[in-house]
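Subject: A structure for you to look at

Hi there,

Here is the structure I promised to pass on. Please open it and keep it beside you while you read my notes.

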Amino acid sequence: VSPSAYEARAMAEALFTPDEQKKFDQDLAEILTHYPPERKSAAMLPALRLVQTMKGWIPPDGLSLVAQRLETTRERAYEVATFYVMFHTKKPGKYTIDVCTNLSCSLRGAESMLRYLEQKLGIPAGEFNEHVYLRETECLASCGTAPCLQVNEDHHESLTRQKLDALLETLK
Amino acid sequence: VTPFENLITRNWGKPGSHTLDGYRKNGGYKALERALQMQPQEIIDAVKKSNLRGRGGAGFPTGLKWSFVPKDSPKPKYVAVNGDESEPGTFKDRYILEYDPHMMLEGIAIACYALGAHAAYVYLRGEFKHPAAVTDAAIGEAYAAGILGKKLMGKDFPLDVYLVRGAGAYICGEETALLESLEGKKGWPRLKPPFPAVVGLFGAPTVVNNVETLASVPHIFEMGPERYAALGPEKSGGTRLVCLSGTVNRPGVYEIPMSVTARELIYSEQYGQGMPEGRTVKAVIPGGSSAPVMTAEELDVPLEFEALKNIQNMAGSGGVIVMDDSTCLVRCLWRVARFYAEESCGQCTPCREGTPWQTRILRKIEEGRGEPGDIEILLNVVQSIAPFPPIGLGNTICALGDAAALPTHSFVTKFRGEFEEHIRLGRCPHGDRPWGHFGTGGFE
């Protein structure tokens, strides 16, 4: 699939169906009970996470939905969505691989592991294709079990070449 | 001297330690029962007397922080739990949340009762998917058992505890940025004063405490504040967790009495079990990457707030990172500098511009393009972010600026020869093996 076709398809899939909106509203209603009634926009992070869980990313339609339901502006939703690295405002590959290369991990081979991943996946760190989004990330609070990485937020630690190869096998 | 016993880690590894049953089997929630017999002010006084200090990084006395909350405010009060654990080299709160979340919840309940707060928000970094799931289940158990909810363990005191996940931003570990994030905004730190104890979450008085700090609170009421204080030196009570990582035989989280030195932590059989065969310590960061680096000659200092302060260092978040003699320290500092450049929130000019600038200079030196004068420019840049000495009085709203400047200042001051050698040789003396002993991790 060409990049432009990929994007076009992503945008088409990104629109919320009535059923999806209903599901979103149900889950959001529960979250809103955690906040004072006059502070709806405090639920911004959980609401954006909800969109990302449903869609795999936060499409423009999702920003509008969140802003509308939290009675705030779309700009405010966009500002938050782009501030935090775990929110995707572009549709990433099926698997987002976050590799910690901070000090403790690099002392235990993280940079070599990243090069190894680039080679095996055939993609440089920081880029994505339909299958995978490979990125360097900052400390994942797992320094005693370095090197480590996360695949779609699932944590993997004390990695060796063998363990990593086995993990990559599961990402089909 | 009281013989040492594990407090915070005592249930780790026991079956079901993360469940309510497991926690209760080991005496859990007895401290809350005891605290609920006391007057709120008595609780705050006991925490003061215990000499408990914040375990998130700054080491501020917890009881004193609690006492800043105004008693007569008509506004609701809040407790915000800082579980944003993102300081490089720090991984202790992860284990508390995974192995013993009820210990933290008991601490939260005691804090809320003492402060008159009817809601607490547990803010966990977004990457803590599994720790968040375990903690969420523990909160559910506590509601079902009548510990939380309309009544606090049967007492006429409603208490709700909510779990909130961040979404990837180191800055949200700064307490006012955490509050901004809890309010659904990007994590831009607030100018202080006013401090959160007076104007915090939703404009109301708020206490922000670290996960380990709150997990320490039940022990004060279990053993009594005097005994808790006696576990540590004069100004810091209790035990603390340290996180050992880098080039050392047995990395991990260890609960230590605060008399344990960096050398003991690295070499003791009980803890790090020494260096790999043939390797020696070159440098150690004692309190997360924001703390100044120590040389191998400085290792005999106890890993305790005052002792480290006395050598112009800091206990910080307890992240102890060991670098051995085969490691390139320019490379290490470059990586640390990159972290601060990535995580600077962009609000204050000295930090937003200074952190990438120092990163570029360090990269230039490490890649063999360094020129005479670069070290002076580097020191000048960090001097503009946070003038030193002293520690902690930077030109920025929050301490991230200081945190970015302190490693650079200390690495360059204490290991200047390595930086000069790079410039003189026009290359890294470690060639393509800058990360030293374990540096390839078997991936090459």
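With 444 residues, what radius of gyration does chain B have, and what would a compact globule have? Chain B has 22 Å, which agrees with the value near 22 Å for a compact globule of that length. The radius is taken over C-alpha atoms, and the globule rule is 2.2 Å times the number of residues to the power 0.38.

Before going further, please note that this is a predicted model, in which local features need pLDDT of at least 70 and side-chain atom pairs count only at pLDDT 80 or more, while totals for chains, interfaces and linings use all residues. Residues are numbered from 1 along each chain as its sequence is written, chains are lettered from A and ligands numbered from 1 in the order in which they are written, and side-chain values use heavy atoms, with hydrogens and water left out.

**Chain B overall**

The C-alpha trace of chain B spans about 70 × 45 × 40 Å along its principal axes. Chain B has 17 helices and nine strands (DSSP runs numbered from the N terminus: H or I of at least four residues for helices, E of at least two for strands). Of its 444 residues, 63% count as buried (under 20% relative accessible area, with a 1.4 Å probe and protein chains only).

Tyr23(B) sits in helix α1 (residues 20-25) of chain B. Tyr23(B) is buried, with a relative accessible area of 2%. Its contacts beyond four places in sequence include Asn11(B), His102(B) and Pro218(B) (contact means heavy atoms within 4.5 Å).

The axes of α13 (residues 329-343) and α17 (residues 416-425) of chain B come within 9 Å and cross at roughly 100°. They are therefore roughly perpendicular (65 to 115 degrees). Leu329(B), Val330(B) and Leu333(B) in α13(B) meet Glu418(B), Phe419(B) and His422(B) in α17(B).

**A strand in chain A**

Six of the six residues of β1 (residues 95-100) of chain A are buried, so this strand is largely enclosed by the rest of the structure. Which strands does it pair with? β1(A) pairs with β2 (residues 132-137) in the parallel sense over six bridges, and with β3 (residues 149-151) in the antiparallel sense over three bridges (pairing needs at least two DSSP bridges). Thr96(A) has Tyr133(A) in β2(A) as its bridge partner, and Asp98(A) has Gln150(A) in β3(A).

Happy exploring!

Notes: Axes are lines fitted to C-alpha atoms, for helices over the stretch in contact, and angles run from 0 to 180 degrees between N-to-C directions. Angles under 35 degrees count as roughly parallel, over 145 as roughly antiparallel, 65 to 115 as roughly perpendicular and the rest as oblique. Buried means under 20% relative accessible area, exposed over 50%, partly exposed in between (1.4 Å probe, protein chains only).
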